[in-house]
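The following paragraphs lead the reader through one protein model. Please keep the sequence and the structure in view while reading.

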Amino acid sequence: MASKTVKVGSAVGLHARPASIIADAAAEYDEDIFLNLAGEEEDEETDAASSLMIMALGAEQGDEVTVTSDNAEAVEKIAALIEQDLDA
């Protein structure tokens with residue numbers, strides 16, 4: 001399983017617009033993609049294809065989020081989106 005930890009780049013954190021962009025990108029893959037906020041239990045993984053679940057993470061700008069999936073390409077794409085300011 002591939003994983004990558006990145007910092008949230010959006011000034012508003014992973015709220016409505018960024019969460020929607022990330023969820024849409026995650027939905028393009030057949031494999032499950034999970035997000036985990038640093039400091040949370042590993043069993044608290046969030047489905048990256050669900051914008052509501054992403055918003056429920058409560059991740060703010062600068063928080064660390066770990067992206068995990070069996071698909072390394074998906075991990076890289078979702079991690080890159082999380083690092084960007086998607087609200088700009």
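K77 has a relative accessibility of 32% and therefore counts as partly exposed, a class that lies between buried (under 20% relative accessible area) and exposed (over 50%), judged with a 1.4 Å probe and protein chains only. The model is a predicted one, in which local features need pLDDT of at least 70 and side-chain atom pairs count only at pLDDT 80 or more, while totals for chains, interfaces and linings use all residues. Residues are numbered from 1 along each chain as its sequence is written, and side-chain values use heavy atoms, with hydrogens and water left out.

K77 forms a salt bridge with E28, their closest N and O atoms being 3.1 Å apart; the term denotes a side-chain nitrogen of Lys or Arg within 4 Å of a carboxyl oxygen of Asp or Glu. This pair links distant parts of the chain, since E28 lies in the loop between α1 (16-26) and β2 and K77 in helix α3, 49 residues apart. E28 counts as exposed because its relative accessibility is 57%.

The count of salt bridges comes to 2. E76 and K4 form a salt bridge, again with 3.1 Å between the closest N and O atoms. Here too distant parts of the chain are linked: E76 belongs to helix α3 and K4 to strand β1, 72 residues apart. Helices (H or I, at least four residues) and strands (E, at least two) are DSSP runs, numbered from the N terminus. E76 is partly exposed because its relative accessibility is 42%, and K4 is partly exposed at 29%.

Of the 6 residues of β4, 5 are buried.

A2 also has a counterpart in helix α3, where A72 is found: the C-alpha atoms of A72 and A2 are separated by 5.3 Å, although the residues are 70 apart along the chain. A72 is partly exposed, because its relative accessible area is 45%.
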